[in-house]
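Trainee: Could you take me through how the interface between two copies of a chain is read?
Mentor: Let us look at the case together.

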Amino acid sequence: MPLCTLLTDFGTADGYVGEMKGVLLSGAPSAHLVDISHDVPAQDVEFARLTFARYWRRFPEGTVHLVVVDPDVGTDRKALAIESDGRFAVGPDNGVLSPAMLLPGARAVALDIPHGAAPTFHGRDVFAPAAVRLLNGAALEELGAWYSDAALRRTPEAQRRVDGGQDGLVLGVDRFGNLITNLTARGDGTVEIDGKLLRIMRTYGDVSEGDLLALVGSHGLIEVAVRGGNAARTLGIGRGALVTLRRDP
Amino acid sequence: MPLCTLLTDFGTADGYVGEMKGVLLSGAPSAHLVDISHDVPAQDVEFARLTFARYWRRFPEGTVHLVVVDPDVGTDRKALAIESDGRFAVGPDNGVLSPAMLLPGARAVALDIPHGAAPTFHGRDVFAPAAVRLLNGAALEELGAWYSDAALRRTPEAQRRVDGGQDGLVLGVDRFGNLITNLTARGDGTVEIDGKLLRIMRTYGDVSEGDLLALVGSHGLIEVAVRGGNAARTLGIGRGALVTLRRDP
Amino acid sequence: MPLCTLLTDFGTADGYVGEMKGVLLSGAPSAHLVDISHDVPAQDVEFARLTFARYWRRFPEGTVHLVVVDPDVGTDRKALAIESDGRFAVGPDNGVLSPAMLLPGARAVALDIPHGAAPTFHGRDVFAPAAVRLLNGAALEELGAWYSDAALRRTPEAQRRVDGGQDGLVLGVDRFGNLITNLTARGDGTVEIDGKLLRIMRTYGDVSEGDLLALVGSHGLIEVAVRGGNAARTLGIGRGALVTLRRDP
């Protein structure tokens, strides 16, 4: 049973995702469709990239990942299908697929645009049909010409400080209001954010309800959280805010 | 593997959709459930009708579409199952299924209401059980008596003007803030909305970031959009607003 | 085809649910994943418990229900797998699984925590792997030691009044703004809420558009609603508000 995941910023109520699913299942009736999300903030390619980075490699080999966050649809930006570490991904050439593309051995093709494709809805008319072909066993190179110039986005790296710490920033805010930073640590040190100093704890339960803490999140990056609360709201800060990691003396 | 899509205005958090899915999979364990949306604005039959119009025919023949946006649940409104173009649909008789019902050859039955059905939750007790029977291969006429009086809703048509243009209106606003109108065009002309004149472009990329434009959307209807923005918010207008298409002289 | 449902408060946009789905399908590739909801209010165990109560038994025997609303993740709260009435459920030991646990014959084990599990994401590293084992046919006792001390939450019961009525409260508010109470009735009597007296009706259609009414909801509990409107907004009240049922004299 071939697997196809879907990540878009379409919401679901308008039926655009419904159209895509219809195309997918008309072309690959035995595919198992797996919704990742359709609630990515509209046109936020960077948000979608960070989301895609989390899940794409957790799925089994052969999975086809469909990713459509595509503010430049209909311009001359390329449409891509890629193969990386045994998984496939299909989406616009705006960097959203970088987490898979940056892995050694990744390969990409620029999709042929079908005649009559709506210039405002490549999700339905370009990407879903390409996913169908992959779900039905087509090889990557059957979908278009090899393409070596894919747009790449990278997570900004924290800067090493002379005192052994790091200067970084908040990459994003999750649904719980946790501030995900680009600071990396093995669990020791103190985080400075918005003038506050927070020792790195192991988990939420290490502080009292309502207290701020820093911890190493499930992806190895330092997060700032409020136990039972919302750190972004408590601090009034969000994506792009500066944070510093101070090593213990 | 029989396919069953779901469109409701229930949200998901309360578990009503969960109950329906349990009924569906208890009765048809091999069915593949496909969420279209549960985020239709509460009790907005017209919104749901436009959404249903988009996707129902994109799915393969034999698909069962379950549509429950049902403000009059428990009154004497009929409960319907219909067959149209090889697909099935189940839902209340309030016009939401019109896109399928208006196709030549469509047939409908009025569902028998099972004894003990909750008068406030036909989704679980009437529509899901009917979908189960269709998923298991029942013929339409096994579900109830033929019914030829289904409520029909039609998209209001734009009015032809003496100068060759059209007077129309905004049918809805999608998640991106695009204003979907009932104006039809092959791509030429100028759209007047809220005192502004917008030439019809091919796609978003034909104007600068933040600029208003009109274009022919993926369903052949004219849309008004802001590149990288939200036209509904920019113009402060929504469903029902008047628009005019002016032909080029 | 083994069934696995998912209920979380993660939202979908951040990709945490995507990670869990990847773990599930990597371990049990033929499983059919069924989203219940990811929109439970953040960290609201009580809300999730009421949602879980609605759907868990509607699914066929053998279904694995994954429930991750887990504000105390990473503390020493136990992680549970339970078997009840032929269904399985996996989730934190905070009472969210009580509806299944309170059924006679229910059994629970405390899950072994895999070495290296992220202390902030047991959904991915503890609960999803346990669900995989159940989906692949493991017996409950293979997942950990028997555990008889699971946290239990019960829906507060309405209090019987000397006049034969009941004093109760609003358990929750659904997406339509319906106030779900803990009053039980077979359909007769009058509900007092916020100083208003409402006769119990059969369904929304028994009153005029915009009018308040009380009715017996689809789970046998009395609800207060506004036909075509939102009772919570109209009355300005929500969870915890007091309600009284007066028997007819």
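Trainee: How many residue pairs are in polar contact between chain A and chain C?
Mentor: A polar contact is a pair of N or O atoms within 3.5 Å, where within protein one must be able to donate a hydrogen and the other to accept it, and residues adjacent in sequence count only if both atoms are side-chain atoms. Between chain A and chain C there are 19 such residue pairs, both residues being at pLDDT 80 or more. On the side of chain A that touches chain C, β2(A) gives the most, with five residues (strands are DSSP runs of E, at least two residues, numbered from the N terminus).

Mentor: This is a predicted model, in which local features need pLDDT of at least 70 and side-chain atom pairs count only at pLDDT 80 or more, while totals for chains, interfaces and linings use all residues. Residues are numbered from 1 along each chain as its sequence is written, chains are lettered from A in the order in which they are written, and side-chain values use heavy atoms, leaving out hydrogens and water.

Trainee: How many salt bridges are there between chain A and chain C?
Mentor: With a side-chain nitrogen of Lys or Arg required within 4 Å of a carboxyl oxygen of Asp or Glu, the count is two; one of them pairs C:Asp72 with A:Arg227, whose closest N and O atoms are 3.0 Å apart.

Trainee: Which surfaces do the copies use to meet?
Mentor: Only 15% of the interface residues of chain A are also interface residues in chain C, so the copies meet through different surfaces. Taking contact as heavy atoms within 4.5 Å, 34 residues of chain A touch 36 residues of chain C.

Technical notes. Helices (H or I, at least four residues) and strands (E, at least two) are DSSP runs, numbered from the N terminus.
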